[in-house]
Amino acid sequence: MASIIGCVMTSHVPAIGNAIAKGRQAEPYWKEWFDGFKPVHRWLATAKPDVAVVVYNDHGLNFFLDKLPTFAIGAAVEYKTADEGWNIPTVLPFTGDPAMSWHVINSVVAEDFDVTMCQEMVVDHAVCNPMQLLWPGGEPWPVRIVPVEINTVQFPLPSAARCYRLGQAIGRAIASYPADARVLVIGTGGLSHQLDGERAGFINKEFDAAFMASLTADPSWVTRYSTLELVERTGSQGIELILWLTARAALGAGSGVSGVHEVAATYHVPISNTAAGMMLLEPTG
Amino acid sequence: MTTTSQPIPGTTIFDGDQAQKGYALNKMCMSFNDAANRAEFQRDEEAYCARYGLTAAQREAVRHRNVLELIAAGGNIYYLAKFAGIFGLDVQDIGAQQTGVSKAEFTGRLLAEGR
């Protein structure tokens, strides 16, 4: 039987990929951020996941406004990355897990989440950078991936509450997968930031702190906010927190007092134009 | 139909209205994922914009390399970032331009947030 062994949520900004490609991890600007992943690397060395379910948002690489799904799940044999317009360094392709992808698709559609099914999909920095943070120099990648893509480009976006329920459904799907697999759920993006408009550069440390704190004991806390309320509090792109939330919801409540144990967390301002955050949670029960 | 019920200062919600208005511009920017298209744009900007049927306002905003004008013309920042990339502009350059400060000042504000 498959089981979820943990949930990592991390920022994915393109600048991280550039810093890795240029070997800048030890420079003062970057050191604190990259050092924050050392406990994650130690944990991964013993946890040894086989599969990563990666909840992310496409930034105009695979999807355009001609046909833009709210939720899409990859079911490809392999996922390549590609130029996003800035000659960003590319990484080796990711191996897919079509059997698990189709199981997740079948399960969540049976729960009325009508996802777009993708047998071909290119993945952007929102997948590649978190994978490089988790497994530096890890190519060829030690896990197969199941990408779960959520629209954060074109409004209306799915609400936080809807994403939370999708995450719970993904958690149930993994738990009911008949084959053995150790599954790590990854949510990417955030935290507070805004790239566009006169409010560019907006960051909200207080809200980020409250959100991160909620993810251990009270993970549905943020579902009380509408999408616009979240944009107001976290910035136009801070809304990417719904990707963290979906991943966190997949982990479930566990059976302990808070249900989950925080293995590692870091929060650093700024990385590029963002408040960057990372959390690694594992189930206690 | 718009999804925006309340304005957030300095923020344009990329809703159905914006997506319709900006379609040609965003489609052109999407094409810049391909290095050959970026080169083609730089070789003959006028012809490239004409091929995508940009509106007059979009063409002006492209000519001005002005992000706020591009957003007003329906541009979405994720696609506009690909346009900015042609000129080697990063998100701090874009942020500085939109907030009317130098790049050093914009970056300084972000660093100050971290203290």
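**A buried helix**

In helix H5 of chain A, the residues A:His125, A:Ala126, A:Val127, A:Cys128, A:Asn129, A:Pro130, A:Met131, A:Gln132, A:Leu133 and A:Leu134 are buried, a residue being buried if 20 or more other C-beta atoms, placed from the backbone, lie within 10 Å of its own. H5(A), residues 125-134, is thus mostly covered, with 10 of its 10 residues buried. Its buried residues pack against S1, helix H1 (14-21), helix H3 (38-47), S2, S7 and S8 of chain A.

**Basis of the description**

This is a predicted model, in which local features need pLDDT of at least 70 and side-chain atom pairs count only at pLDDT 80 or more, while totals for chains, interfaces and linings use all residues. Residues are numbered from 1 along each chain as its sequence is written, and chains are lettered from A and ligands numbered from 1 in the order in which they are written. Helices (H or I, at least four residues) and strands (E, at least two) are DSSP runs, numbered from the N terminus.

**The sheet of chain A**

Chain A holds an open sheet of 8 strands, in the order S6-S3-S7-S2-S8-S1-S10-S9, with mixed pairing; two strands pair if DSSP finds at least two bridges between them. At the edges lie strand S6 (116-118) and strand S9 (260-271) of chain A, each pairing on one side only. From one strand to the next, the twist averages 20 degrees.

Within the sheet, strand S2 (residues 51-56) and strand S8 (residues 181-188) of chain A run parallel and are joined by 5 bridges. A:Val51 stands opposite A:Val183 in S8(A).

**Two crossing helices**

The axes of helix H4 (residues 98-110) and helix H6 (residues 160-175) of chain A come within 9 Å and cross at roughly 125 degrees. Such axes are lines fitted to C-alpha atoms, for helices over the stretch in contact, and angles run from 0 to 180 degrees between N-to-C directions. H4(A) passes H6(A) in a right-handed crossing, the near helix being turned clockwise from the far one by less than a right angle.

H4(A) contributes A:His103, A:Val104, A:Ser107 and A:Val108 to the contact, and H6(A) contributes A:Leu166, A:Ala169, A:Ile170, A:Arg172 and A:Ala173; residues are in contact if their C-beta atoms, placed from the backbone, lie within 7 Å.

**The contact between chains**

The contact takes 31 residues from chain A and 38 residues from chain B. On the side of chain A that touches chain B, helix H8 (227-234) and S9 each supply at least two residues, and the largest share, 3 residues, comes from H8(A).

Conventions
Two residues are in contact if their C-beta atoms, placed from the backbone, lie within 7 Å. A residue is buried if 20 or more other C-beta atoms lie within 10 Å of its own, exposed if 12 or fewer, and partly exposed in between; C-beta atoms are placed from the backbone.
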